[in-house]
Amino acid sequence: MVEAELRQESESVRELKLTCLSNLLAMGEGRIYFKDLLSRFLFVSAGWIDAIAPGHRADELIGKTDFDVFSDEHASIAFEDEQEIIRSGEPIVGKVERETFPGRVDVWVSTTKMPLRDESGVIIGTFGVSRDVTAQIKAEKALAYQALHDPITGLANRIALTDRFSQALVSMERHPSRIAVLFVDIDDFKEINDTFGHGAGDLVLTEVGRRLSTLARRVDTVARFGGDEFVVLCGELRSDDDVRLIGDRIVRAVDAPYVESGRDLSVTCSVGIVVTGDPGAEPDQLIRDADAAMYEAKKAGRNRYRIFDFADRDRAGNSVLHIELSRAIDESQLFLVYQPLFSLEAQLLTGVEALVRWRHPERGIVPPDEFIPFAEDHGLIGRIGSFVLDEACRQLAEWTALDGWPSDFTVAVNISGRELSDPGLAERITEVILRHGIDPAQLCLEITETALIGEVGDVQETLSALSAIGVRIALDDFGTGYSTLAHLQRLKVDILKIDRSFVEQISRSPRDREIVAAVTAMSHALGMTVVGEGIETSLQLDALADLNCDEGQGFLFARPLSPEAVATLVG
């Protein structure tokens, strides 16, 4: 009698399991399947049928295999995966793969596959659950493309140019030849923008990029360097005659007539050229040399090219700048201004970003792009970084002491790649925090994507140490490097700042809007705060707010302010 009751109870449990399984398989969205030891379908869910074999009934698929519904390539990979699971008993979790079908559009999915066991634990097949991640993969690919291409012209950007430089130098080492760097600057481009508007200016930039690309060979790279500047990298050159021919063709191609809205535009360019056969040449130095030659072309009357003469390289100029910048650090010529950061939902000031300026005794205020790159190249960036960190924390302590100052107000400080590689960085920051008596949570350290490229383990260790202190970590200019969101999660990033190149186009480009939407959604899923950089119009602000971007900064809110102006704004 007891055995009969147990048997009845066992059958009831089995029926309950079957009922649960039946309901699970009938779910509209779940993509679930069960297979036997030969990878033949035992059960498939309604969601699996809708996605993989629309129009079929579940009973029509029982006994069939992936070879009956997928391409042979995908079916073979799936079969190998399942047989390995049966052999090892180990699951495959979160595998991202492309499902391919005969005559249908491919789909990207994230799949978890498990061994299917009977009541005694013996493996009798496999089962799996998958979800469509096509939109996420497309967004990642769009980000990767955006990271390497200029949004206006579609040409390679600086990051892509750096990579092509490396390839060209390696090729030159293997197959001795010469490379040329041509720095192309549009003459009087500002007048075009001022006279005809920025829309016309963008069209001119696009057309110049197209003309340069038409002249380029397969081994050449055409990149937009910034503003009205382009760089053409030419490899596998044999003689100076080749270089002169290329320079002349560029000048004549840019000088050809332009028509915009029925109006003729006169456009010319000045070109600086540097040639080297040295595989050990530094790309940044070559660009600076080509830039110097371009200015010589402008001085000579514009609409022409000049070839750089290495004998004229102005090493003395670098020496003078090094002395002046060292003196500026020692004599307190450097000072900070603060770019406000606002909550997009409440439109309230939440913090500031500290930006360094140089008050030169003769030249006046020197912007950072005129001395920070030099400081990074000549070993001065550490001293400048120490000043910025100390002064920003001192100012934060002073603000915090004011009556009514918000306790969650933050100050962000930029950290260079060289500083991030310093194993003593966390200790140094701790000392500054303690000396000024500030809350670590009010300090945010901003790093760029390029600073993450290299020894990931070392960077991760440094960032983990900084997070342990209690400071927040922000990734600046996201979308201009090679980072993925999963990478950032491992690196303890708290804040993601979307690069201004995305924000600039967000109200005009559906593609950029989709990218920002995907990045924002995925960042929020990873617990990150999202900041839009370079907001200059109300349309950009509204678009970011609609996409649930958390915070923003840019000239629409305020330009960089003095400490006194920040205090007034808060008060």
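**Exercise 1.** Is glutamate 60 buried, exposed or partly exposed, judged by its relative accessible area?

*Solution.* The structure is a predicted model, and the values are computed from it. Begin with the number: glutamate 60 has a relative accessible area of 32%. Buried means under 20% and exposed over 50%, so glutamate 60, at 32%, is partly exposed. Next, take its partner: glutamate 60 forms a salt bridge with arginine 57, in which the closest N and O atoms are 3.1 Å apart. Arginine 57, at 48% relative accessibility, also counts as partly exposed.

**Exercise 2.** Which parts of the chain does the pair of arginine 224 and aspartate 150 tie together?

*Solution.* Then place each residue: arginine 224 belongs to strand E7 (residues 221–226), while aspartate 150 sits in the loop between helix H5 (134–148) and helix H6 (158–174), so the pair joins parts that are 74 residues apart in sequence. Finally, consider accessibility, by which both arginine 224 and aspartate 150 are buried.

**Exercise 3.** Where do glutamate 207 and arginine 210 lie?

*Solution.* Both residues are found in helix H8 (residues 198–215), three residues apart, which is about one turn of the helix. As to accessibility, glutamate 207 is partly exposed at 22%, and arginine 210 is partly exposed at 46%.

Methods:
Residues numbered from 1 in each chain as written. Predicted model: local features only at pLDDT ≥ 70, side-chain atom pairs only at ≥ 80, totals over all residues. Heavy atoms only, no water. Salt bridge = Lys/Arg side-chain N within 4 Å of Asp/Glu carboxyl O. Buried < 20%, exposed > 50% of the residue type's maximum accessible area, 1.4 Å probe, protein only. Helix = DSSP H or I, 4+ residues; strand = E, 2+ residues; numbered from the N terminus.
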